[in-house]
Amino acid sequence: MNGDVEQIIATATLVTELFSGASSAMSLYLTVTSGYLLVAYLVGRELTLLQTLIITTLFAFFTSANTVATVSYMSNAYYY
């Protein structure tokens with residue numbers, strides 16, 4: 001019986017950590033999106049085509065990788 005309780009506590013701790021990781025990834029996503037929109041609004045007209053391409057490529061890569069990480073955290077938490 002004692003092993004069952006320990007297993008439940010370990011699973012609950014794992015799920016809590018996975019949700020914490022998902023919320024951290026989501027807050028990082030919102031921070032980067034806000035920064036991208038702020039740069040686009042404040043200095044968008046002054047950027048060259050190369051600078052715009054670099055910033056947009058980095059933003060697209062980061063957001064897609066962060067979205068995959070968030071979905072992975074949430075699906076693993078749902079699994080457990």
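Guide: Helices are DSSP runs of H or I with at least four residues, strands are runs of E with at least two, and both are numbered from the N terminus. The model is a predicted one, in which local features require pLDDT of at least 70 and side-chain atom pairs pLDDT 80 or more, whereas totals for chains, interfaces and linings use all residues. Residue numbers start from 1 along each chain as its sequence is written, and side-chain values rest on heavy atoms, without hydrogens or water.

Helix 1 covers residues 2–43, and helix 2 covers residues 49–79. Their axes come within 9 Å and cross at roughly 160°; an axis is a line fitted to C-alpha atoms, for helices over the stretch in contact, and angles run from 0 to 180 degrees between N-to-C directions. The two helices are therefore roughly antiparallel (over 145 degrees; under 35 is roughly parallel, 65 to 115 roughly perpendicular, the rest oblique). Helix 1 passes helix 2 in a left-handed crossing, that is, with the near helix turned anticlockwise from the far one by less than a right angle.

Within helix 2 lies Thr63. Thr63 has a relative accessible area of 12% and is therefore buried (under 20%; exposed is over 50%, partly exposed in between, with a 1.4 Å probe and protein chains only). Leaving aside residues up to four places away in sequence, Thr63 touches Tyr29 and Thr33, contact meaning heavy atoms within 4.5 Å.

Gly35 belongs to helix 1 and is partly exposed, at 31% relative accessibility. Between the C-alpha atoms of Gly35 and Ala60 the separation is 13 Å, across 25 residues of chain.

The structure holds 2 aromatic pairs, defined by ring centres of Phe, Tyr or Trp (its six-membered ring) within 6.5 Å, with planes under 30 degrees apart stacked, over 60 edge-to-face and the rest tilted. One of them is the stacked pair of Tyr36 and Phe59, at 4.2 Å centre to centre and 10° between the planes. This pair links Tyr36 in helix 1 to Phe59 in helix 2, 23 residues apart. Tyr36 is partly exposed, at 23% relative accessibility. The rings of Tyr79 and Tyr80 have centres 5.1 Å apart and planes at 75°, so that pair is edge-to-face. Tyr79 is exposed, with a relative accessible area of 65%.
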